[in-house]
Amino acid sequence: MAKNLVIVESPAKAKTIEKYLGSDYVVKSSFGHVRDLKGKGMAVDIENDFTPTYAVSDDKKDVVNELLKLSKKAQMVWLATDEDREGEAISWHLEQALGLTEENTKRITFNEITKSAVLKAIANPRGIDRNLVDAQQARRVLDRLVGFELSPVLWRKIKPSLSAGRVQSVAVRIIVEREREIQGFVAKESFRVVGMFLVNGSPFKAVLGEKFANEADAKKFLEDCKGASYEITDLQVKPGKKSPSAPFTTSTLQQEASRKLGYAVGQTMQAAQKLYEAGHITYMRTDSVNLSETAKVGAKESIVHNFGEEYSKTRTFKTKSKSAQEAHEAIRPANMMVKTLGDDRNNKLYELIWKRAVASQMADAILEKTVATIAISTRKEKFVATGEVIKFDGFLKLYIATKEEDSEDTEDAGLLPKMKVGDSLSVQEIEALQRFTKHPPHYSEATLVRRLEELGIGRPSTYAPTIGTIQRRGYVIKDTREGTPVDYTLLKLVDGQITEDKKSELKGYEKNRLFPEDMGVVVNDFLVKNFEKILDYDFTASVEKQFDDIAEGQLKWNDMIKEFYGPFHLQIEDTLENAERASGERKLGADPKSGKKVIARIGRYGAMVQIGSVEDEEKPRFASLHKDQSISTITFEQAMKLFDLPRKIGTYDDEEVSAAIGRFGPYVKFGKLFCSIPKDAEFTAYNITMDQAAVLIEAKKKAEKEKYIKTFPENEDIQVLNGRYGPYIKAGKKNVKIPKDKVPADLTLEECLELAANAPEKKGRGRKAPAKKKATTKKKPAAKKKTTAKKKPAAKKSSPKK
């Protein structure tokens, strides 16, 4: 048996590290956290200094048992979990769960999984940093208290099964406030004037220094330009330079991967995790832009080798965030000489990281900027032409950072022809283009991360989970919204004649942006009204600062929780007692037939329109909103149209046929068949004819017929079907894979039942799927024998309180 047991977080990381250590070491994975707050109840003793009660997770019991056996046989246990606060907490939980002592335990960290880094860590062990553990424990306890006490308030005051979180609720507030800013935005028109001129026969473009507020002023300007002369009155040539951006932090990597690669925040972090575990990059959860001296030397070697000595310039970047840990590094390649990973599925992200890190150590780009001022003989306004020449490309040879997603469009300055002060110009044309100011864009995942970072809310490890959570809860949706046609005017002066064209263009198209759902708006408004402090940006940022203070040993975690909990709990009790129910109710008008009021609101099953009230003799009528509708913007006409569906079309084969709109769009219903109406179809659920519906029905019947390979009249729950990934058995709600040695069409009912009985149960989502798989496999025989499955519902029941 090996003398040393090394425990890391992931199996991929374990395999990589095991290659670097000799036979005296065995490396095992904890598969992430092994303990957490008990799922049943609050699991925090508010009467006893907020002492938390932890338990080994059900899906980690086998993992812990295995580690326990190995740790008892080992002379030394090395806790090598990640170097952030969460990693420190995992090490502490392992120490507690395994009953380790200071004499036989050492803590090691490394921010890259290379042989030199691992051996250096082994040579420089330390103890577990309880300050870091306490900071993470404070975050976990505070979030449990907020979620456990706040969620039931939402159940009683809005809708059952809702939940609230400290950071997540603030993220939803940011998105809701942006939506309201957009809804309240009033576009202002202006006319931008651009002239095309000739100097010594060479064309160039110049822009008028100011815009006109309306069409009349723009036309007057063009009229005055008829017969005018144009002269260069000033010419400035200035040297300039551009410097490279700092290497990536977690948030800047998430933002740039979104802009350059189109990655979602979660996708970026999954890819970065795999690159780190394989030893290709340094640790990917960091807010530091610092590079080690070794990394700088490696970058210089790479730059000189690939581009030449003149392209190298060693730089030191300083992190603006006070809470950043400079002892950590920015995200960079483990080996600066490796430009690409070839066919690796995460190579695109790796190359992005390599380019950014190497470019950060490259020379400035040297530019020459030319600005020419052009006077108009008949007006006081002046045209300005700008040009830019790159004298030395420097870091631009390797990497150009993308513009911010919400920045105004700017035109790149090109080259200007040779010119001098006093040159007379001839004009080719002058155009005045009507423009309208744009509303602020909806947040993308990347720009939301940037906003959270600007406000000091959350930390590198929390951005991706926060954004994922608010989408899963149905408070926010990531969607692509089509633009709307906007008419505009184009005025042109050519050869002394002014022409006017009316044109149209699509404005407001937004791809993969975050939009608040009706439920998110209602929950946000309720929380802001009743828990203003919890939703306050400065307060949330100050909580993060307190976590930092705890990590630095300047504040006791229990004291921080105590100061927060007292006022918070009083507010909870007051809200339960006195706050009104919230539904986001909005009055739209009166039903022309009955005279009853029509409202849009949140109901038990989501956003809906209601005619009448519960006080009326007749029951109110309800209609659900479509996916693209909102209770805050739906009009009375749109609301009343909802009651036109479902619409009876006619009969087909003696069966009623109707049209409606459901969760996945418009459809035709025929018996038990649901036939989707294609998006590009000329007809809708409101006007589809019986002949058109018949075509959809026949196509659906044909598809259904081809779907069934075999059915059993004696047991309708068992079917052999054609699926997207091949034939399978449907046994009630269970889908069962058919073994390769079986012919689907030849399967008997008995064979299907046997395969279904022996098929593994579908596993729920866990923090680390590989660990759950391992634990389930080992527990299976025991589970049948002891019938432990009966205990599972209790654990599930408590989960909404987290």
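With a relative accessible area of 30%, D344 is partly exposed, a class that lies between buried, under 20% relative accessible area, and exposed, over 50% (1.4 Å probe, protein chains only). The model to which this residue belongs is predicted: local features need pLDDT of at least 70, side-chain atom pairs count only at pLDDT 80 or more, and totals for chains, interfaces and linings use all residues. Residues are numbered from 1 along each chain as its sequence is written, and side-chain values use heavy atoms, with hydrogens and water left out.

D344 sits in the loop that runs between helix 10 (293-306) and helix 11 (347-359). Helices (H or I, at least four residues) and strands (E, at least two) are here DSSP runs, numbered from the N terminus. When residues up to four places away in sequence are not counted, D344 touches L275 and H280; a contact means heavy atoms within 4.5 Å. D344 and N530 are separated by 186 residues in sequence and by 50 Å in space, C-alpha to C-alpha.

The whole chain may now be considered. It contains 21 helices and 30 strands, and its C-alpha atoms fill a box of roughly 100 × 80 × 65 Å, taken along the principal axes. Of the 802 residues in the chain, 47% are buried. Among contacts with a separation of 6 or more, 69% are between residues 24 or more positions apart.

The interior leads to the nonpolar cores. A nonpolar core is a set of buried Ala, Val, Leu, Ile, Met, Phe, Trp, Tyr and Cys residues joined through side-chain atoms within 4.5 Å. The largest one has 129 residues, and within it F110 and L349 touch the most other members. Helix 5 (residues 130-157) gives the most to this core, with 11 residues. Apart from this core lies another, of 26 residues, including F212, I376, A432 and L491. The contacts of F110, leaving aside residues up to four places away in sequence, are K13, I17, A80, A117, V118, A121 and Y276.

Empty space inside the model is the next topic. Rolling a probe the size of a water molecule over the atoms shows where empty space is left. On a 1 Å grid over the protein atoms alone, a cavity is a set of points where a 1.4 Å probe fits but cannot get out, and lining residues have an atom within 4 Å of a point. Grid points are joined across faces, edges and corners, and a volume is the space filled by probe spheres set on the points. A search of the whole structure finds one cavity of 30 Å³ or more. The largest cavity holds about 50 Å³ of space, and its lining consists of S169, V172, Y475, G520, V523, N524 and L527. Helix 6 (166-183) and helix 14 (518-530) each supply at least two residues of this lining, and helix 14 gives the most, with four residues. By class, the lining has four nonpolar, three polar and no charged residues; Ala, Val, Leu, Ile, Met, Phe, Trp, Tyr, Cys and Pro count as nonpolar, Asp, Glu, Lys and Arg as charged, and the others, Gly among them, as polar.

Helix 12 (residues 445-455) is mostly covered, since eight of its 11 residues are buried. These are E445, A446, T447, L448, V449, R450, L452 and L455. Just after helix 12, G456 takes a positive phi of about 75 degrees.

Several other places concern the backbone. Most residues other than glycine have a negative phi, and most peptide bonds are trans. A43, which is not a glycine, has a positive phi near 65 degrees; A43 is found in the loop between strand 3 (35-37) and strand 4 (44-45). A43 counts as buried because its relative accessible area is 13%. N200 likewise has a positive phi, of about 55 degrees, although N200 is not a glycine, and N200 is found in the loop between strand 9 (189-199) and strand 10 (202-208). N200 is exposed because its relative accessible area is 66%. A cis peptide bond joins L645 and P646, with omega about -5 degrees. P646 is found in the loop between helix 17 (636-641) and strand 23 (647-652).

The cysteines complete the account. A search of the whole structure finds zero disulfides, a disulfide being a pair of cysteine sulfur atoms within 2.5 Å. C225 counts as buried because its relative accessibility is 3%, and C752 counts as buried at 0% relative accessibility.

Notes:
1 Å grid on protein atoms, 1.4 Å probe; cavity = no way out; pocket = protein on both sides within 12 Å on 5 of 7 lines; lining within 4 Å.
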